[in-house]
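Subject: Structure handover

Hello,

I am passing this structure on to you. Please have it open while you read the notes below.

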Amino acid sequence: MEKITEKVLLEKGSPRTDKLEQIKTLNLSKMGLKLQDLPVKLLSRLCSLERWDLSGNRLQEFPKKLELRKLRYLDLSDNQMEDVTTLESLSSLEELKMDDNFYITVSDNYKLMVLLPNLRIYNSKDISTTANHLRFVYRDNLMTRITALWEKSFSLPDPITAEKMSSLEKNFVNTARHQVKFGPSSVSDFTKWRVEILAKEYLRSLTEPKEDSNSQECAEVKENGDVSTPSKRKRTEAASGINLMPRKQLRSDLPASPVQNSPLKISLRPKRQSETQTSISPLRTDRALSTPPKTQPKAETPRRSLKVPQTKEEKTPVERRKDSSKGRNAHVLPITKTLNKTQPVRLQPLHVLQCHSKYDSSEDFSTQLWACAFQPCSEFSGDGGESRLVATCGGDSLCVIDCETGVVMKKYKVPGEEFFSLAWSTVLMSRGEKAPAQLCSILAAGGRRGLVKLIHPRNNVAYGEFRASRKSLSALRFNHQQGNFLFTGSYDNKIMLWDIGGVDSSYNFKVVQLLVLEVSTTPLHICLPPTSPSTQLLSACERGLHCYNTQLSTNSTTKSRSKEMEITFPIYEEEDDDHDYHTIDGLSFLTDDIVASKSHMHGFIYLWSWSRTRSQRPDKRGGAVCAVVLAELQWANTEIPYLALNTCPDRAYVVCGDNEGRIWTHHVPNIQTTSCQKEKPIPPTEVLEWPSPMRKGLGQMEGPSINSVAMDSELLYLVALSDKNLVIIWRREESS
């Protein structure tokens, strides 16, 4: 049944009349209205409407092409507005209220001031001075820079054809978005949006001196010279998160970063037989991350690109490497297909980014990157549930990256911090007494300072922090069945369980400590069994792999517990003065029962059964049981510690990087929990070679150590972090 009918409008409008055309004031507040409840054809008859109250509804955008030429006042407070460009048709609007719309950013506010040329009052404040500055001064400065860019690097084709002009426009606009900088980085989304519009306008002015009023795709130039073409806000999709918590070597040389920003991005394209070098694609940033005044971190905007030659592939140590890089088009968007779990995949390098630099320096190849994880799908789920957003941390910054485009969507910076670990989760956000609570994806990150930072990336808000330890944090892990339960591991040899609760509309939250697990050594990774995340916990530590009972009891008066048992491995028997295999620096579940783990200096990855191992009786002296090993996977021979592995259960993959920039991938769909250990280790399915990026004048970069890897649930993307401040993104090749 339609919520808005002619009868409803006549009842809610004033003055009292029997004609919609005579209504001047309309109150449709608190009716639970969504976009589809507002019929444009019917509402367009309100030609005399001057004031309209739509507060307290559920609108995410305003009806496009709804022109109300006499509308002077509009109240959209307490809605769910996201796309402010849909308000562009309200050219006569003088006063607008947008309070309590959680997804509206500072950049959105600026867009409204440009799109609505007569807007004077915004959220009950006079914004005339700011608006005029944006409409004229800001515009003139951007146009000066755009014109200079054109004169320096571009020219019209000869002869002019539609195809050439289309290609030129795309290249010019992308370059302008990338290179034209003006204003604070906190409104970089607005600046890029404005630059795109003005760059298109400038290019049209070179070929079409007079405005083409019939073009529906061109920006409309209004009387005050203002350009107002709606620019749709980017939306991203995500799937299940993967958390990695590697051990860190503490650093004390982190400086505070200046406001100017310059992380680097290298776009990699699969090499054709005739190609020796890849092309550059500009780096774009959607929005800079803003935070409440308490923490005051600095938002970042990436801006430079590098060229990266693609070297010829070499044979892997297991001689199973196949050339999968010929004849592919890197700019074709991926199509997620249903893959057979028994079928291996092929991955191609797509992007290399340098986005965690100290001092935002392009010369920084020393900052170590430690953890990455894909965003869970609750807030951005797409048709296939695949994830494109991955969070990475290292140095004093945390980035959220779109894997397909290579764009650093958000960046969060805390001068003096060094982030070691991060984790995604989903919690409830309340919106008041009558409005239903909503699920939102949050990001927790911690490191050297012992503080856990809580971030809501979608709203660009770092909404809080709490102290989890007096020492540095080494690992974070959320309970995937109870998203408000967070485990933290720290260098004071403790693992703590916290209830971080949800958040309200003002981002108020409460943290409660629930449990303390006493660990005899530093926890490097925290892993929860998929079927019992609330009762059992595995911790890979500097000295062994320990199991804990985490069952919460209302009758228990003590929060502190010691380990339930230690899990040992056959390699321990081969230890001597030069080889200590007790450091477990990789741990992840491959299935509900099969666990992948590795020991420092071993050169192999163990696959073992959790249920069969746990069913054994621990020895009385040390409380230890030996892991029931099902198979060994071949890996690199290296003495470099803390190179974390990860798994993709849905695709039966185990992946781990090495100290030469290579990524060892194992497709193991047929391992059974009843299997016995094979005599010979299983060779890798494929070893992904280091893509060998090159910076001009500095030569080819040698392969770094790969500290951490992450995969989305469909293995559409694989992300690797290095100890040389580089993020490498691989993408799955689709079978023809």
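What follows is a short account of what was found in it.

This is a predicted model, in which local features need pLDDT of at least 70, side-chain atom pairs count only at pLDDT 80 or more, and totals for chains, interfaces and linings use all residues. Residues are numbered from 1 along each chain as its sequence is written, and side-chain values use heavy atoms, with hydrogens and water left out.

Overall picture

The chain has 7 helices and 41 strands. Helices (H or I, at least four residues) and strands (E, at least two) are DSSP runs, numbered from the N terminus. Of the 736 residues in the chain, 58% are buried; buried means under 20% relative accessible area, exposed over 50%, and partly exposed in between, with a 1.4 Å probe and protein chains only. Among contacts (heavy atoms within 4.5 Å) with a separation of 6 or more, 61% join residues 24 or more positions apart.

Confidence

The pLDDT is the predictor's confidence in each residue, from 0 to 100. Its mean over the chain is 79, and 77% of the residues reach 70 or more. Two stretches need care when you read the model. Over residues 210-263 the pLDDT stays under 50, and the model has 197 contacts beyond four places in sequence for them. Residues 267-339 also have pLDDT below 50, with 230 contacts in the model beyond near neighbours in sequence.

Cores

A nonpolar core is here a set of buried Ala, Val, Leu, Ile, Met, Phe, Trp, Tyr and Cys residues joined through side-chain atoms within 4.5 Å. The largest one has 63 residues, and Trp52, Leu74 and Leu96 have the most contacts inside it. Helix 1 (6-12), helix 2 (40-43), helix 3, helix 4, helix 5 and helix 6 each give two or more residues to this core. Apart from neighbours within four places in sequence, Trp52 touches Leu26, Leu28, Leu43, Phe62, Leu66, Leu68, Leu71, Tyr73, Leu74 and Asp75. There is also a second, separate core of 24 residues, which includes Phe102, Ala444, Val461 and Phe478.

Helix 3 (residues 106-115) is mostly covered, with 8 of its 10 residues buried. Those are Ser107, Asp108, Asn109, Lys111, Leu112, Met113, Val114 and Leu115. Strand 5 (95-97), strand 6 (121-122), helix 4 (128-153) and helix 6 (188-207) are among what covers them.

Helix 5 (residues 162-179) has 18 residues and spans 25 Å from its first C-alpha to its last, close to the expected 26 Å. The expected span is 1.5 Å times one less than the number of residues. Its buried residues are Met165, Leu168, Phe172, Val173, Thr175, Ala176, Arg177 and His178.

Loops and backbone

The bond from Ser14 to Pro15 is cis, with omega near 0°, and Pro15 sits in the loop between strand 1 (13-14) and strand 2 (25-27). The bond from Asp158 to Pro159 is likewise cis, with omega near 0°; Pro159 is in the loop between helix 4 and helix 5.

Tyr642, in the loop between strand 32 (628-634) and strand 33 (645-648), is a residue other than glycine with a positive phi, near 65°. Its relative accessibility is 11%, so Tyr642 counts as buried. Leu715 also has a positive phi, near 55°, and belongs to the loop between strand 39 (706-711) and strand 40 (717-722). Leu715 counts as buried because its relative accessibility is 0%.

His602 is in the loop between strand 29 (594-599) and strand 30 (604-609). Is His602 buried or exposed? At 10% relative accessibility, His602 counts as buried. Leaving aside neighbours within four places in sequence, its contacts are Ile571, Tyr581 and Glu632.

From the record

In the model, residues 466-500 are 0% helix and 69% strand, with the end C-alpha atoms 10 Å apart.

Regards
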